[in-house]
Amino acid sequence: MKFEYKVQGGNFSKAGYASSDLKKILKQLNVNPAIIKRVVVALYEAEVNIVAHAYNGTITIDIDDKQVRIVLEDQGPGIPSIEQAMQKGFSTASPHVREMGFGAGMGLPNIKKNADVMNITSKVNVGTTVEIINYI
Amino acid sequence: MNNTSSFYHAIYIDKDSCIGCTRCLKNCPTKSIRIVQGVADIDESSCIDCGECMRVCLANAVKIEQGCLESIFKYKYRVALIPTVLSGQFNLDVTTDQIYKALHLLGFTHVYEEEESAEFQIEAIRKFQKETYNAPVISTFCPAIVRLVQVRFPTLTGNLVLIKSLIDITAMAILEDFKEKGISPDEIGIFYITPCPAKIVAIKSPVGDKKTLITDTISLEVIYDLIRKKLQVINETDISYESRIHLTKAEVKWSLTGGEAKHAFGRSLSIDGLANVTEFLDKVDDEAIDDIDFLELRACDQSCPGGVLCPGNRFLTVEKLGMRASQFNAVDNECFEAPTIDFPYEDVCVPPVLPRQQAGLDSNISVALKKMEKVHNYTCYLPGFDCGGCGAPDCYSFAKDVVNDKASLSNCVFLQFSNNILDHEHGKKFIENVWGKNRLQKDCTKKGARE
Ligand SMILES: Nc1ncnc2c1ncn2[C@@H]1O[C@H](COP(=O)(O)OP(=O)(O)OP(=O)(O)O)[C@@H](O)[C@H]1O
Ligand code: SF4
Ligand SMILES: [Mg+2]
């Protein structure tokens, strides 16, 4: 089953909408709460990254009886070095983003920790695509 | 309503009085009501006996199963076990003494207050808080909240306090008192004067704990009226009885919002009103809030003064109870005296509370997914007005009912119209199935559609 969400860069008040919706869906499907927690944390971090670092994006979620597959595709500045971005504590967050309480450089490592599979591709000045897969 | 079902309920619909409107349907916090054949029908597995339907019913069709005063006379010793909100119904010129006297005139031989065991109970709760791993610990004072957690927040059942209720502990103490006087339990009837249906259910069908010491319950509304009548003759009557007031100031205010939370261990919050409680539990469930130690949650606005069987205005009751509490100067200053009630900790522990319903659409993920796809598909066609015309509270619940074979898509009149498959007469049948025969005929005497 497929779900789609639009994400707007800079709109922090709406950040987390997709992840809390996904949480409700997975609860309805009786997915193990521990797995729900992992999926939701991973999606939340990726969702906030679009809001904090990109211009806008689309989240598609595909659920079957084996896995939850999430793809976040954004138009934005892209990531020059993914290896560097994946390091704990690395952040280019603007002062404004830091003011909102983000920018610890923990988002991507946290996604890695909570996803069973994580793939990230990016093109500078075009955008970033993050794929998250969790088995249920 | 009936004892043969696996879930006992104190609330039932009087089908003869029900006029078949959507008020209860729309206001049920667990979406447990559907309209069938023109009258409200309550789903027994998810009803939490909160009484919201009673509050909004214009036809007085939501009734409560309860004992009557006559039944107390089967016992030699007749104990009225009262919550403090009973005294809170009266103006301060009516003394506690007079209320007790009136209860004796009504036939009770003894009066005890539910909250007498509060100071003892909170010590046990604090001990429980220290031993449990699950934060925040959720108070079980309000039985409607316990049911809400079982039905809507199954993952939080492990956070509920596993200590007996005030009613049960006080009842244990009452029986102990009588035992010391050499009186056998068979001769004693303990009648709880209840402010709400939820407490009736807690007594008749306790969660976790198996047995109850309470003989029956009588509505606070009924007792209040009877006491008021007796108050008029009380000064001419000479009645002597054992005066025993064991409450502290804190205990008088226990059933008010914040009355319990104040004495719990650590950081605590008190939240009243079902909508507020649900909002917060959603948050606890979503974000795993674990830096709060204790949640005092009460179904009614203003807690028990807002109980559906309390006749007085809830705000005035809060004020009056506050003033009554301040009269307890001698015992008071809000700190605890050594409790007069004392039981070993193990004697007041209860077994874990289990979720009541499997959450979600199905226990099998594949089946649940199929159902969810169907629900989403149906909601594409439903108008999204949430009008209640199908007999379900909203389009989404209706779609779920259809998927679970509990309703037919044709119950939606808008869908009938846009599909154009059903002829007029056939369509009418579906409407009559939900709203009853002849519902579509002209009727100038009906109770609905009036200002
Ligand atoms: N969608 C994206 N578009 C552009 N840059 C990104 C995107 N996601 C991450 N980045 C870059 O990678 C860095 C690290 O991301 P990460 O999520 O780990 O930390 P953060 O967002 O800066 O802080 P935190 O997530 O802890 O609030 C970001 O500072 C940013 O430079
Ligand atoms: S708040 Fe008090 S009166 Fe209301 S349902 Fe709960 S226990 Fe009953
Ligand atoms: Mg981030």
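This is a predicted model: local features need pLDDT of at least 70, side-chain atom pairs count only at pLDDT 80 or more; totals for chains, interfaces and linings use all residues.
Colleague: Which residues surround ligand 2?

Modeller: The surrounding residues, from chain B, are B:Cys142, B:Pro143, B:Cys196, B:Lys199, B:Arg298, B:Ala299, B:Cys300, B:Ser303, B:Cys304 and B:Gly307.

Colleague: And how do the residues of that shell divide into nonpolar, polar and charged?

Modeller: The shell around ligand 2 holds six nonpolar residues, two polar ones and two charged ones.

Colleague: What can be said of the space taken by ligand 2?

Modeller: That space is the second largest cavity.

Colleague: Let us turn to the sheets of chain B. In what order do the strands of the four-strand sheet come?

Modeller: The order is β6-β5-β8-β9 in chain B, and the sheet is open with parallel pairing. At its edges stand β6 (110-113) and β9 (216-219) of chain B, each of which pairs on one side only. From one strand to the next, the twist averages 30 degrees.

Colleague: How many bridges join β5 to β6 in chain B?

Modeller: Strand β5 of chain B, residues 77-82, is joined to β6(B) by four bridges, and the two run parallel. Within this region, B:Val79 stands opposite B:His110 of β6(B).

Colleague: Which helix lies across those two strands?

Modeller: Helix α4 of chain B, residues 96-105, lies across β5 and β6 of chain B, and its direction is at about 130 degrees to β6(B). Helix α8 of chain B, residues 197-204, also packs on the sheet, where it touches β8 (188-194) and β9 of chain B. The direction of helix α8(B) makes about 150 degrees with that of β8(B).

Colleague: What about the sheet of three strands in chain B?

Modeller: That sheet is open as well, with the order β7-β11-β10 and parallel pairing.

Colleague: Why is one side of β7 and of β10 left without a neighbour in the sheet?

Modeller: Strands β7 and β10 (268-272) of chain B are at the edges and each has a single partner strand, so one side of each has no neighbour in the sheet. Two bridges connect β7(B) with strand β11 of chain B, residues 294-298, in a parallel arrangement. B:Val137 has B:Phe294 of β11(B) as its bridge partner.

Colleague: Now the backbone. Where is the cis peptide bond?

Modeller: The cis bond joins B:Ala135 and B:Pro136, with omega at about -10 degrees. B:Pro136 belongs to the loop between α5 (118-131) and β7 (137-138) of chain B.

Colleague: Moving to chain A, how many bridges join β2 to β3?

Modeller: Eight bridges join strand β2 of chain A, residues 56-63, to strand β3 of chain A, residues 67-75, and these strands run antiparallel. The hairpin that joins β2(A) to β3(A) passes through three residues. A:Ile63 stands opposite A:Val68 of β3(A).

Colleague: What of β3 and β5 in chain A?

Modeller: Nine bridges link β3(A) to strand β5 of chain A, residues 127-135, and the two run antiparallel. A:Asp74 stands opposite A:Thr128 of β5(A).

Notes
Residues are numbered from 1 along each chain as its sequence is written. Chains are lettered from A and ligands numbered from 1 in the order in which they are written. Side-chain values use heavy atoms; hydrogens and water are left out. A residue is near a molecule or strand if one of its heavy atoms lies within 4 Å of it. On a 1 Å grid over the protein atoms alone, a cavity is a set of points where a 1.4 Å probe fits but cannot get out, and a pocket is an open set with protein on both sides within 12 Å along at least five of seven lines; lining residues have an atom within 4 Å of a point. A molecule sits in a cavity or pocket if more than half of its atoms lie within 2 Å of its grid points. Ala, Val, Leu, Ile, Met, Phe, Trp, Tyr, Cys and Pro count as nonpolar, Asp, Glu, Lys and Arg as charged, and the others, Gly among them, as polar. Two strands pair if DSSP finds at least two bridges between them. Axes are lines fitted to C-alpha atoms, for helices over the stretch in contact, and angles run from 0 to 180 degrees between N-to-C directions. Contact means heavy atoms within 4.5 Å.
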